[in-house]
Amino acid sequence: MLGLGVAGVAAGPYLQRAQDAVAGKDPTGLTGLLPAGGGFRYYSVASSVPSRGPDDYTLTVDGLVERPMKHRLDDLRAMPQRRLVRDVQCVTGWRVPATPFEGVPLAQLLDAAGVRPGAAAVRFGCFDGEYTESLTLEQARREDVLVALKLQDAPISHSHGGPVRLYVAPMYFYKSAKWLSSITVTDRVQPGYWEQYGYDVDAWVGRSNGRDDAPTA
């Protein structure tokens, strides 16, 4: 038994990478039923999602701002980073405890662009071409909202929404949009992808969507 345990530990990283690779190409979400995966399930609303990296990734910040900006991946990596360790809670019920995320505070990017008078919300677009999300400006400026570059102390993999994703620590995980490509400051909240199907716009863990999960922060 001890030998099998040692073999499992040694093989674990290789098996995890293989599962991540398969999950990243599985639009059905069925790979989310497999064990391991760090406790995460894999979801995508698009049939396929292109991979992006340092050579072709760009994050735009536009809308009601004084200085529209475009950030390459290396630009984001060079900015001051914040590390958060919180539980991740999906509205479907699964939870991954004490999960480290690290990235640039969203408020920092908004301040750099200069939010104009009349702004009230932020809309997020993704390079899968389908997914969108929104936060109020007050929510977006929270200290526990990141433009995340690392998950579990490693660069975010493609299947987990990399190279850059949104992380909204106190809300259900559908607010943490994967494959983030645009941040647009708007005059009102525009419901995101799942909210058009009845999910709550204000998705506080334990206080929304008819659930009573323990808060994540």
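Helices and strands here are DSSP runs, numbered from the N terminus. The model is predicted.

**Stop 1: the hairpin.** Select residues 58–63, strand β1, and residues 69–72, strand β2. A hairpin of 5 residues links β1 to β2. The two strands run antiparallel and share 4 bridges. Now pick out the bridge partners. Val61 sits opposite Met69 in β2.

**Stop 2: the other side of Val61.** Keep Val61 selected: Ile183 in β10 stands opposite Val61.

**Stop 3: the whole sheet.** Show the 5 strands in the order β2-β1-β10-β5-β6. The sheet is open, and its pairing is mixed. Its edges are β2 and β6 (132–136), each of which pairs on one side only. On average, neighbouring strands are turned by 15° against each other, direction ignored. In a regular strand, side chains alternate between the two faces of the sheet.

**Stop 4: the helix across the sheet.** Select residues 106–113, helix α3. Which strands does α3 lie across? They are β1, β2, β5 (121–126) and β10. Relative to β10, α3 runs at about 60°.

**Stop 5: Asp75.** Go to helix α2, residues 73–78, and select Asp75. Is Asp75 buried, exposed or partly exposed? Its relative accessible area is 35%, so Asp75 counts as partly exposed, a class between the cut-offs of 20% and 50%. Pro54 and Asp75 are 21 residues apart in sequence, and their C-alpha atoms are 9.6 Å apart in space.

Conventions
Residues are numbered from 1 along each chain as its sequence is written. This is a predicted model: local features need pLDDT of at least 70, side-chain atom pairs count only at pLDDT 80 or more; totals for chains, interfaces and linings use all residues. Side-chain values use heavy atoms; hydrogens and water are left out. Two strands pair if DSSP finds at least two bridges between them. Buried means under 20% relative accessible area, exposed over 50%, partly exposed in between (1.4 Å probe, protein chains only). Axes are lines fitted to C-alpha atoms, for helices over the stretch in contact, and angles run from 0 to 180 degrees between N-to-C directions. Contact means heavy atoms within 4.5 Å.
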